[in-house]
Amino acid sequence: MASGRPLIGITCSHDTQTPTERYYLYMNYVHAVVEAGGTPVLLPAVADETAARGMLEHISGLLLSGGDDLDPYFFHEEPRPELGEIHPDRDAFELFLAREALAGGMPVLGICRGCQVLCVAGGGTLYQDINSQVPGALKHQQKAPGWHPTHDVRLEAPSRLAGIMGTLELRVNSFHHQAIREAGTDFRVVARAADGIVEAIEGHNKIAGFALGIQWHPERMWSHNREFLKIFAALVKEAVVYGR
Ligand code: MN
């Protein structure tokens, strides 16, 4: 029996410590998708592209979750000393999913690392480490509860994100030491912090579908401020249309 709820695929984090290698995902992502009206399913990284494409055939929307750093190899840089832990298998899988979704018009939402994956999938580049590469930057790795907003962001108008949130000014949480450097030709910047750090991007030019990258963590905020659930509701709404 059809539920009418679109299947939203969520990518997982990797713990590659042997012998206890595992996929894992913070529960907030799953709860946000359910609360927004979607049916969540987890997507474990696989190297086999046919298997990865098989996952995409079953979902109507893609959620690229947060996590560790991207290997700068994927945006044609050598690693800086400040680069954190990387998981190249996850990078390759998520970049493949992102490129397939973007090319096929599947709705995709990237959060934190996922925002950066979208950017790189579209040909953009990252700062490997904000503090050593952006003089005068704010604190973007907050030491505060996850739901607590610690810096402002200013949204561009008109933009899809401004339409979703219904405002041009937000105060958001911040748990990132990497950031978008150049959004590339397929994405445009639609939100920045006061220090200029990119806080959201969305697809334009040849990207026809819903493609939104959020640098903060709305999945950790909506329990205290339901306004942030609107971002997940937008993905679910687009996935319903895409799945028809
Ligand atoms: Mn931030």
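Which residue does the side chain of E35 meet in a salt bridge? The partner is R226, at 3.0 Å from N to O.

## Basis of the model

This is a predicted model: local features need pLDDT of at least 70, side-chain atom pairs count only at pLDDT 80 or more, and totals for chains, interfaces and linings use all residues. Residues are numbered from 1 along each chain as its sequence is written, and side-chain values use heavy atoms, with hydrogens and water left out.

## The manganese site

Five residues coordinate the manganese ion: H140 through ND1, H151 through NE2, S174 through OG, H176 through NE2 and E199 through OE. The distances run from 2.2 to 2.3 Å. Donors here are N, O and S atoms within 2.8 Å of the metal (3.2 Å for Na, K and Ca). Water is not among the atoms, so sites may look incomplete.

Along the chain, the donors of the manganese ion are spaced as H-x10-H-x22-S-x1-H-x22-E. H140 and H151 link distant parts of the chain. H140 sits in the loop between helix 5 (130–133) and strand 8 (151–155), while H151 is in strand 8, 11 residues apart. Helices (H or I, at least four residues) and strands (E, at least two) are DSSP runs, numbered from the N terminus. H140 and H151 are both buried. Buried means under 20% relative accessible area, exposed over 50%, and partly exposed in between (1.4 Å probe, protein chains only).

## Salt bridges

The structure holds 14 salt bridges. Each is a side-chain nitrogen of Lys or Arg within 4 Å of a carboxyl oxygen of Asp or Glu. Side chains of opposite charge can pair when their charged atoms come close. The salt bridge between E35 and R226 links distant parts of the chain. E35 belongs to helix 1 (residues 27–35), and R226 to the loop between strand 13 (211–214) and helix 7 (230–243). They are 191 residues apart. E35 counts as partly exposed because its relative accessibility is 41%.

R113 and E94 form another salt bridge, with the closest N and O atoms 2.9 Å apart. R113 lies in helix 4 (residues 113–121) and E94 in helix 3 (residues 88–104), so this pair ties together parts 19 residues apart in sequence. Both R113 and E94 are buried. E169 and R154 form a salt bridge too, with the closest N and O atoms at 2.5 Å. That pair links strand 9 (residues 169–172), which holds E169, to strand 8, which holds R154, 15 residues apart. E169 is exposed at 54% relative accessibility, whereas R154 is partly exposed at 45%. Salt bridges with shared partners also join R90, D91, E94 and R113 into one network.

## Aromatic rings and charges over them

There are 3 aromatic pairs in the structure. In Y24 and Y26, the ring centres are 5.8 Å apart and the planes stand at 85°, so the pair is edge-to-face. Rings of Phe, Tyr and Trp (its six-membered ring) pair if their centres lie within 6.5 Å; planes under 30 degrees apart count as stacked, over 60 as edge-to-face and the rest as tilted. Y24 is partly exposed at 25% relative accessibility. Y26 is exposed, with a relative accessible area of 54%.

W216 and F228 also pair edge-to-face, at 6.5 Å centre to centre and 85° between the planes. W216 and F228 are both in the loop between strand 13 and helix 7, 12 residues apart. W216 is buried at 0% relative accessibility, and F228 is buried at 2% relative accessible area.

Two arginines sit over rings. The charged end of R22 is over the ring of Y24, 4.9 Å from its centre. R220 lies over the face of F175, 4.4 Å from the ring centre. The criterion is NZ of Lys or CZ of Arg within 6 Å of the ring centre and within 35 degrees of the ring normal.

In helix 2 (residues 49–58), the buried residues are A52, M55 and L56. Seen down the axis of helix 2, these fall within an arc of 100°, so they line one face of the helix. The arc is that of the directions from the helix axis to the C-beta atoms. The face turned away from the buried side of helix 2 carries the exposed residues T50, E57 and H58. The buried residues of helix 2 pack against strand 4 (39–43) and helix 3, where contact means heavy atoms within 4.5 Å.

Helix 4 is mostly covered, with 9 of its 9 residues buried. Among them are R113, C115, L118 and A121. G123 follows helix 4, and its phi is positive, near 95°.
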